[in-house]
Amino acid sequence: MFHPSSKDVELEEEEFRLLRDFIHERFGIYFDEGQRASLRTRLLGRLQSLDLDSFEDYYHHLRFSPQRDEELARMITHITNNETYFYREQPQLGVFSDQILRKLREQKQRSGERTLRLLSAGCSTGEEPYTLAMLVYDSGQFFWNWEVSVTGLDVDPVALDKAQRAAYHHNSFRGVDPGLLERHFSKNGRETAVKESIRRMVRFRQGNLMAAQSYAGLAPLDVIFCRNVLIYFSDATIRTVVGHFWDILAPGGFLFLGHAESLSRITDRFTPLRFPGAMAYQKPEGV
Ligand SMILES: C[S@@+](CC[C@H](N)C(=O)[O-])C[C@H]1O[C@@H](n2cnc3c(N)ncnc32)[C@H](O)[C@@H]1O
């Protein structure tokens with residue numbers, strides 16, 4: 001039987017629509033018409049590995065094969081963008097450590113509650129949650145007898161494996177000054193590893209931001225960072241995800257999005273807080 005080489009396999013318009021809608025329904029990520037070639041390139045290797053002749057066959061495999069769950073877990077790694085690095089978007093991180101942590105510390109001093117719970121939603125390979133832990137550590141505000149936890153949540157198992165290893169190459173350090181490098185990292189051959197003092201504050205879990213059960217046990221959270229994730233979602237998905245954030249944030253809790261992301265078309269339930277060079281959203285107190 002003739003098998004075309006998978007590099008010749010086209011992603012026809014109808015196949016593109018089927019796969020695009022399937023991915024959107026499962027993961028919220030939306031590939032628009034202009035990204036057909038990109039989706040083809042990302043998934044071509046999967047056709048090859050599974051010895052399939054067309055993207056239609058791949059779609060049927062994803063929907064109906066007994067191995068569909070395993071394939072979904074493999075596919076997700078190919079369709080996500082995992083770009084991230086330590087200390088990304090400094091002005092926003094400055095607001096977090098100078099203003100937000102101070103506010104939270106004051107709020108909690110009044111209530112006598114000695115916990116600080118943060119979430120990095122769409123944490124990729126871990127640079128963001130480790131950065132948050134470093135900022136909390138360096139703030140010197142939350143230490144003795146405080147229970148500080150940073151959770152990194154992502155759907156991509158390969159990215160999470162890397163996050164758990166906590167060892168990185170130079171590309172992850174483009175925003176890190178030498179003093180911070182020395183304080184929070186140790187050299188390990190060609191890799192640079194996050195020190196144990198930071199690692200012990202951070203844990204990771206696999207989950208889909210669209211599914212309420214992914215957040216089980218995390219509430220009430222003080223701060224959620226969800227940066228450079230919503231840009232890949234449709235408005236409908238963003239509404240679902242932000243609805244979950246609302247549910248798990250403590251009253252008075254804060255939400256940080258990426259600089260290209262906003263809630264303006266999505267919801268007016270959060271209070272926008274504007275700072276020089278950065279903004280954040282707050283869930284009002286008393287709700
Ligand atoms: C570009 S990275 C952003 C990393 C980090 N937040 C930052 O700003 O540097 C986007 C991450 O979102 C994750 N992601 C995309 N869709 C997701 C979903 N439905 N559930 C959980 N994570 C998702 C991807 O796996 C990827 O690791």
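**View 1. Helix H2 (residues 36-50) packs against H3 at an angle of about 80°, with the two axes 10 Å apart.** That makes H2 roughly perpendicular to H3, a label for angles of 65 to 115 degrees; angles under 35 count as roughly parallel, over 145 as roughly antiparallel, and the rest as oblique. The axes here are lines fitted to C-alpha atoms, for helices over the stretch in contact, and the angles run from 0 to 180 degrees between N-to-C directions. Helices (H or I, at least four residues) and strands (E, at least two) are DSSP runs, numbered from the N terminus. This is a predicted model: local features need pLDDT of at least 70, side-chain atom pairs count only at pLDDT 80 or more, and totals for chains, interfaces and linings use all residues. Residues are numbered from 1 along each chain as its sequence is written.

**View 2. Here are the residues where H2 and H3 touch.** From H2 come Leu 43, Arg 46, Leu 47 and Leu 50, and they meet Phe 55, Tyr 58 and His 61 of H3. Being in contact means that two residues have C-beta atoms, placed from the backbone, within 7 Å. Sorted by class, the contact of H2 with H3 has five nonpolar residues, one polar and one charged. Nonpolar covers Ala, Val, Leu, Ile, Met, Phe, Trp, Tyr, Cys and Pro, charged covers Asp, Glu, Lys and Arg, and the others, Gly among them, are polar. Take a look at Leu 50, which sits in helix H2. The C-alpha atoms of Leu 50 and His 61 are 9.3 Å apart, and the two residues are eleven residues apart along the chain.

**View 3. Helix H1 (residues 13-27) and helix H3 (residues 55-64) have axes that come within 9 Å and cross at roughly 25°.** H1 is therefore roughly parallel to H3. Their crossing is left-handed, which is the name when the near helix is turned anticlockwise from the far one by less than a right angle; if clockwise, the crossing is right-handed. On the H1 side you'll find Glu 15, Leu 18, Leu 19 and Phe 22, meeting Phe 55, Glu 56, Tyr 59 and Leu 62 of H3. The contact of H1 with H3 splits into six nonpolar, no polar and two charged residues.

**View 4. Helix H5 (residues 90-111) meets helix H6 (residues 127-139), with axes that come within 10 Å and cross at roughly 45°.** H5 and H6 are therefore oblique to each other. The crossing of H5 past H6 is right-handed. H5 contributes Leu 93, Phe 96, Ser 97 and Leu 101 to the contact, while H6 brings Thr 131, Leu 135, Val 136 and Ser 139. The contact of H5 with H6 counts five nonpolar and three polar residues, with no charged ones.

**View 5. The loop between helix H4 (68-79) and H5 holds Tyr 87 and also Glu 89.** Tyr 87 isn't a glycine, yet it has a positive phi of about 55°. Glu 89 isn't a glycine either, and its phi is positive too, at about 60°.

**View 6. A cis peptide bond joins Ala 219 and Pro 220, with omega at about 0°.** You'll find Pro 220 in the loop between strand S6 (202-206) and strand S7 (221-226).

**View 7. Phe 270 lies in the loop between strand S8 (249-257) and strand S9 (271-275).** Phe 270 is buried because it has 20 other C-beta atoms within 10 Å. Leaving aside residues up to four places away in sequence, which residues does Phe 270 touch? Phe 270 touches Leu 255, Leu 263, Tyr 281, Gln 282 and Lys 283. As for Arg 203, 67 residues from Phe 270 along the chain, the C-alpha atoms of the two are separated by 27 Å.

Notes:
Buried ≥ 20, exposed ≤ 12 C-beta atoms within 10 Å, placed from the backbone.
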